[in-house]
Amino acid sequence: MWVILWEEVARTTFGPDVNTWHRRNGKWHEMHNVLGCIDGTSHDIFGAATRTTRGIVVIDNEKNICHIHSGFLCHDNDAFAYQQMKRIGPGHDPDFPANGFILADSIYPNTRPLVTPYKANEIARQPGNEKRRKRKLNRLHKKRRVFVEHVINEIKKFRVIGAIYRHTIARWELSCIVELCAGLAKRRAEFINDLD
């Protein structure tokens with residue numbers, strides 16, 4: 001039954017086109033071209049020894065889930081999982097505007113479209129005005145990137161992925177279950193917003 005539900009939810013939930021991304025321009029006036037955030041999450045699988053799969057979640061600047069890629073079987077960090085997933089950018093799947101940016105934490109590569117915060121040693125070598133500017137950008141970065149943490153928390157409210165997964169399954173099945181939970185979390189958020 002969950003496979004049928006996943007097919008329905010996955011088809012209607014993810015993958016905004018470039019025009020939808022363009023409409024997000026300017027939503028965060030202090031970071032005009034920042035269109036979203038990215039972060040990783042892990043899911044524990046119970047077995048002979050507990051294993052972990054990693055997933056990557058991309059949200060837009062309105063806190064909508066735009067892309068989720070899960071099932072990287074490893075204990076490695078988010079940067080490794082990001083290197084393994086499909087490219088994000090113009091003409092790729094997921095498609096993304098050339099002039100847009102996505103906020104990421106410092107473990108990710110600072111390559112387009114990702115923007116990571118300045119490191120402390122980078123800031124320390126700068127003159128006074130530049131130090132203040134970079135510290136301000138880091139504060140704005142942190143303030144906005146926390147949204148993706150909130151979205152991941154909403155996904156993990158589903159016990160099937162919020163706790164140790166105890167079912168014997170193929171890795172692709174857990175990926176689909178994570179996508180299903182993400183889609184249901186998004187629909188729950190839309191329903192709550194409609195009530196407000």
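**Salt bridges in the predicted model**

Mentor: E30 is partly exposed, with a relative accessible area of 24%. The model is predicted.

Trainee: Which residue does E30 meet in a salt bridge?

Mentor: The side chains involved come within 2.7 Å, N to O. E30 lies in the loop between α2 and β1, and its partner in helix α5 (residues 128-155), so the pair ties together parts that are 114 residues apart in sequence. The partner of E30 is R144.

Trainee: Is R144 buried or exposed?

Mentor: The relative accessibility of R144 is 13%. Buried means under 20%, so R144 counts as buried.

Trainee: How many residues apart are R24 and D60?

Mentor: Their side chains meet in a salt bridge at 2.8 Å, N to O. R24 is in the loop between α2 (18-22) and β1 (34-45), while D60 is in strand β2 (residues 51-60). The pair links distant parts of the chain, and the separation is 36 residues.

Trainee: What is the relative accessible area of D60?

Mentor: R24 is buried, with a relative accessible area of 13%. D60 is buried as well, and its value is 2%.

Trainee: In which loop does E62, another partner of R24, lie?

Mentor: R24 and E62 meet through their side chains in a salt bridge of 3.7 Å, N to O. R24 lies in the loop between α2 and β1, and the pair ties together parts that are 38 residues apart in sequence. E62 lies in the loop between β2 and β3 (65-73).

Notes
Residues numbered from 1 in each chain as written. Predicted model: local features only at pLDDT ≥ 70, side-chain atom pairs only at ≥ 80, totals over all residues. Heavy atoms only, no water. Salt bridge = Lys/Arg side-chain N within 4 Å of Asp/Glu carboxyl O. Helix = DSSP H or I, 4+ residues; strand = E, 2+ residues; numbered from the N terminus. Buried < 20%, exposed > 50% of the residue type's maximum accessible area, 1.4 Å probe, protein only.
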